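I opened this notebook to keep track of what I looked up, entry by entry.

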Amino acid sequence: MALVCPPQLFYNTPTSDPLAQSLDFFVHVIEPIKDTLGVAWCTGSGYVIRREALSDVGNFPLGSLAEDVATSTLMLGKGWKTAYVHEPLQFGTVPEDYGGHLKQRTRWAIGTIQTAFKLNFCLWGSSVRQMTMAQRFSGALYATLGMFTILVTASLFAIPVVLMWGKPLIAFADNEQLRWLIRACFAATISNRLCEFALFIPAGYHTGQRDSRYQLWMSPYLALCIVRAFILPKWLGGQVVAFKPTGSLGSALNERDPKMKKNMLRRLWGILFNYMGFFHFTFVYVTLVAVVLTSYRCFYQGSTTKDIFIGLITHAFWPPLTFLFICTSLWTPVSYAIDPPTMPDRELLLERDQKTHVAHPTRQSKKVGFGGQAAMFELQYTAATAYTILIFVYSFFL
Amino acid sequence: MILAERLHGVTYPGAWVFIAVEIAVAIPSQMHNFWTMWALKRRNRPKLRLQGNEVPTVDVFVTCCGEDDEVVLDTVRAACDLDYPSDKFRVIVLDDGKSEGLKALIGQLAADHSNVYYMARQKIPGVPHHFKAGNLNYGLDQVDKLPKGASEFMAALDADMVNFFPLCRLYFPNV
């Protein structure tokens, strides 16, 4: 055994955690799975390493943005074992502003892929010689999933483009086929919800949902940095760096500080222009316009109520209303700029021993509060599911 | 869809794009699901604790680079406060931000805890310093030079991580 690592937990995650900064899904679901497969990672803090094993891999590898994961992967490649201790042993802080969060997450994404390229996606080569099948597959999978954010970003455009074009999202020859398409869609939606539920429970249901939305709104940032780091040549601006704001931000937005925070216009300007939230803003507007246009066409072209109804459900309103989910997820940066969460002073999150001055997080500060935002998203999701069920029922009368 | 195209004698490029995208997006997530199910066996990590004073030696590195002095100090204080024999572990602050204030604060703390050290490496402009990895490697080199030499184990804490349990007592039975 070369290395043991505990989870990364936080004591300053704001209520509803709008930016999905807590790592609860990773530490309560993914890490235990990885540990079962013998691929516990070194996640950068709180770990204990055997010096002998560290010397064996030549100490910490240089030239990587994620030296921690690289270290543990190299150890696995030399035949050492790593373990994950799933106990609440350390509490840290999440980045306190939007820019810090983008920088942190893009750095992790680039670092993971960088390591993968160096180690041939953990598939072959001398540095992974002693790895088991499961370890190799996990290494390859994580790097692939990282690259995959480029595809996710491209896929975001599918729905607005098809709708703008005025085309239906599905194709069918007769009503019988439409009926079965609706039923298949219903079955997929319901089984997806059950799967999600089972998978999310160890980390908390809302944490899982937050992460699903995060995957969407974060993907343009990740894709941009990955393209810049690994695909663009240097003379086209290719560069291995985490996300940096464009232009001059002036001073920090301090958006979570009740006293120091900049006014709303200043925050919106910063996030829309310096942090490229303009992409998200435009995307949501274009998609909504596409929905309105295509629905207008349905009303215009349909002669009977049934025609109009079938037009609507085969275009924008195909269950489970994916456009709605994409739009509300991509709106995250904008709503965050308008209404950022407020965090109290760090000292109020800690309990300090008067004599020794040693401080530990309070019981309350270790939890992510449930707030109005999480409730709104759940309401939307429930409504979309109810709509899917209604359409399913309707399929029997079609 | 093919039937529909035949029936109407037209092609539906949009629908094909949609299907292609759906499949492309589904492949990695299906791979992830498959990987998840691979781990469907029981995970077996007993919760163990190491007792007594006959314990291995460990160097705890606290890496920092420009964080607030108070934040780093809280981490160091908590690390010093561990329930672990003080002659068996050292807390080493590796400050890449070269904060004079932090140096002074750690100096005060070292008056009470003889096992606390402050170190800041020389960063030469133009020479790559490799961020955190460089900082940690510098720490590894430096502890080798300390009177007692390197410890058997090394541990690392981020500047803002407050730990409240002697991590080492849990780990070593595992290690």
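**Entry 1: a strand inside.** I began with strand β1 (residues 58-64) of chain B, and found that 7 of its 7 residues are buried, so the strand is largely enclosed by the rest of the structure. I noted what the word means: a residue is buried if 20 or more other C-beta atoms lie within 10 Å of its own, exposed if 12 or fewer, and partly exposed in between, with C-beta atoms placed from the backbone. Strands here are DSSP runs of E with at least two residues, helices are runs of H or I with at least four, and both are numbered from the N terminus. I also wrote down that this is a predicted model, in which local features need pLDDT of at least 70 and side-chain atom pairs count only at pLDDT 80 or more, while totals for chains, interfaces and linings use all residues. Residues are numbered from 1 along each chain as its sequence is written, and chains are lettered from A and ligands numbered from 1 in the order in which they are written.

**Entry 2: the two faces of β1(B).** Which residues point which way from this strand? B:Val58, B:Val60, B:Val62 and B:Cys64 point to one side, B:Asp59, B:Phe61 and B:Thr63 point to the other, and all of them are buried. I compared this with the general rule that in a regular strand the side chains alternate between the two faces of the sheet.

**Entry 3: the neighbours of β1(B).** I looked for its pairing partners, where two strands pair if DSSP finds at least two bridges between them. β1(B) runs parallel to strand β2 (residues 89-95) of chain B, joined by 7 bridges, and it also runs parallel to β4(B), joined by 6 bridges. B:Phe61 stands opposite B:Ile92 in β2(B) and opposite B:Ala156 in β4(B). I then followed the chain and saw that β1(B), α3(B) and β2(B) make a right-handed β-α-β unit, where right-handed means that, with the strands pointing away from the viewer, the path from the first strand over the helix to the second runs clockwise.

**Entry 4: on to β3(B).** β2(B) is joined to β3(B) by 4 bridges, and these two strands run parallel; in β3(B), the bridge partner of B:Ile92 is B:Tyr117. The chain passes from β2(B) to β3(B) through helix α4 (residues 100-112) of chain B, and this β-α-β crossover is right-handed.

**Entry 5: the core.** Which residues have the most contacts inside the largest nonpolar core? They are B:Val60, B:Val62 and B:Val76, in a core of 124 residues, a nonpolar core being a set of buried Ala, Val, Leu, Ile, Met, Phe, Trp, Tyr and Cys residues joined through C-beta atoms within 7 Å. Helix α8 (residues 205-231) of chain A gives the most to this core, with 9 residues.

**Entry 6: where the chains meet.** The contact takes 56 residues from chain B and 58 residues from chain A, and two residues are in contact if their C-beta atoms, placed from the backbone, lie within 7 Å. On the chain B side, α2(B) gives the most, with 13 residues. I also found strand β5 (residues 90-92) of chain A pairing with β5(B) in the antiparallel sense over 2 bridges, with A:Gln90 partnered by B:Asn163 and A:Phe91 by B:Val162. These two strands belong to an open sheet of 3 strands in the order β2(A)-β5(A)-β5(B), with mixed pairing.

**Entry 7: domains.** With bounds that come from an automatic or database domain assignment, chain A has domain 1 (3-147) and domain 2 (152-394), and their centres, taken over C-alpha atoms, are 26 Å apart. The contact between them takes 31 residues from domain 1 of chain A and 41 from domain 2 of chain A. Chain B is divided into domain 1 (2-38) and domain 2 (58-174), with 52 Å between the centres, again over C-alpha atoms.

**Entry 8: one exposed residue.** Last, I asked why A:Thr382 counts as exposed. A:Thr382 lies in helix α14 (residues 372-394) of chain A, and it is exposed because it has 11 other C-beta atoms within 10 Å.
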